[in-house]
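The following exercises, each with a worked solution, concern the protein structure shown here.

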Amino acid sequence: MKKVKLILIGEGKVGKTSIIKQFVDETFLEEYIQTFSNDKFLKNIEIDDKNNTELTLEIWDTLGQENSRVVNKIFMKNTNIGLLVYDITNQKSFDELDEFLSQVDEIIGKENIVLGVVANKSDLYEEKVVSTEEGEEYAKKINALFFETSAKDNEVIQNLFKTISIEYAKKNNLININLNDNENLDSNNISNKKDISNINEETNIESNNILKPLNNSQSFSIEKSEINNKKNEEEERCC
Ligand SMILES: Nc1nc2c(ncn2[C@@H]2O[C@H](COP(=O)(O)OP(=O)(O)O)[C@@H](O)[C@H]2O)c(=O)[nH]1
Ligand SMILES: [Mg+2]
């Protein structure tokens, strides 16, 4: 099976280890445990349900030395998929993504990697300082997909890994997705945008969360009304 190297990059404490843990073990830890070992996690992911096509994701977690260029050089080598993670309650973590991106560009070359921008801790919406629009705009600028996630609540985590893997597979011609058989579309003529939106719809249906692609169907977040509903439910329960 094809092995694909995926790395999570971003400031310390934005939730990189938590995102991996939620995806791999479906667990979440409240307390912060600094990552000391350069852990690698393997997980198979289905990218084409109809043809049972799978990839093996080799997910690399940082050493907890996110700002060391020397460490990052080894860490980033031969990466296929890069997730730039920030914390929506921490402006600095968002502002620093550009520095991480420039390292990616230096070491791998932006054009050789599939990129995602991940706005984590969406459950802390009341303390949000980086707006969804800012995150989306940045993702668009650097040609990356955008995801708003909560490792704590397992929101958009499964969708994140699946969508980015499909994007990788498409860019590397590993799959030829033609979801609407009736339209008899020539896959070579499908515009990138249309193709991606179809995939997003499919992934959304499978997910337990209510997910709506935002602009151009290239980004994912929980609908605001869904968050408000949750808030109301909590308020009803508590008082
Ligand atoms: N509320 C909330 N806290 C989170 C979330 N993700 C991570 N955390 C917390 O943020 C802290 C740092 O997380 P960690 O995964 O260790 O960050 P890393 O340094 O980027 O690997 C820990 O205390 C986590 O419990 C999230 O989605 N929501
Ligand atoms: Mg960590």
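What covers the buried residues of α4 includes β1 (3-9), α2, β4 (81-87), α3 (91-95) and α5 (132-141). Helices (H or I, at least four residues) and strands (E, at least two) are DSSP runs, numbered from the N terminus.

The model is predicted: local features need pLDDT of at least 70, side-chain atom pairs count only at pLDDT 80 or more, and totals for chains, interfaces and linings use all residues. Residues are numbered from 1 along each chain as its sequence is written, while chains are lettered from A and ligands numbered from 1 in the order in which they are written.

**Exercise 1.** Determine which residues of α4 are buried and how they are arranged about the axis of α4.

Solution. Begin with the criterion: a residue is buried if 20 or more other C-beta atoms lie within 10 Å of its own, exposed if 12 or fewer, and partly exposed in between, with C-beta atoms placed from the backbone. By this criterion, Leu-97, Phe-100 and Val-104 are the buried residues of α4. Next, look down the axis of α4: these buried residues fall within an arc of 65° (taken from the directions from the helix axis to the C-beta atoms), so they line one face of the helix. Finally, turn to the other side of α4, where Glu-99 and Ser-102 are exposed.

**Exercise 2.** Describe how α2 and α4 pack, and state which residues meet.

Solution. First, locate the helices: α2 spans residues 69-76 and α4 spans residues 97-107. Their axes are 10 Å apart, at an angle of about 55°. That makes α2 oblique to α4, given that angles under 35 degrees count as roughly parallel, over 145 as roughly antiparallel, 65 to 115 as roughly perpendicular and the rest as oblique. Then list the contacts (C-beta atoms, placed from the backbone, within 7 Å): Arg-69, Asn-72, Lys-73 and Met-76 in α2 meet Gln-103, Val-104 and Ile-107 in α4. The residues of this contact divide into three nonpolar, two polar and two charged; Ala, Val, Leu, Ile, Met, Phe, Trp, Tyr, Cys and Pro count as nonpolar, Asp, Glu, Lys and Arg as charged, and the others, Gly among them, as polar.

Terms used: Axes fitted to C-alpha atoms, helices over the stretch in contact; angles between N-to-C directions. Contact = placed C-beta atoms within 7 Å.
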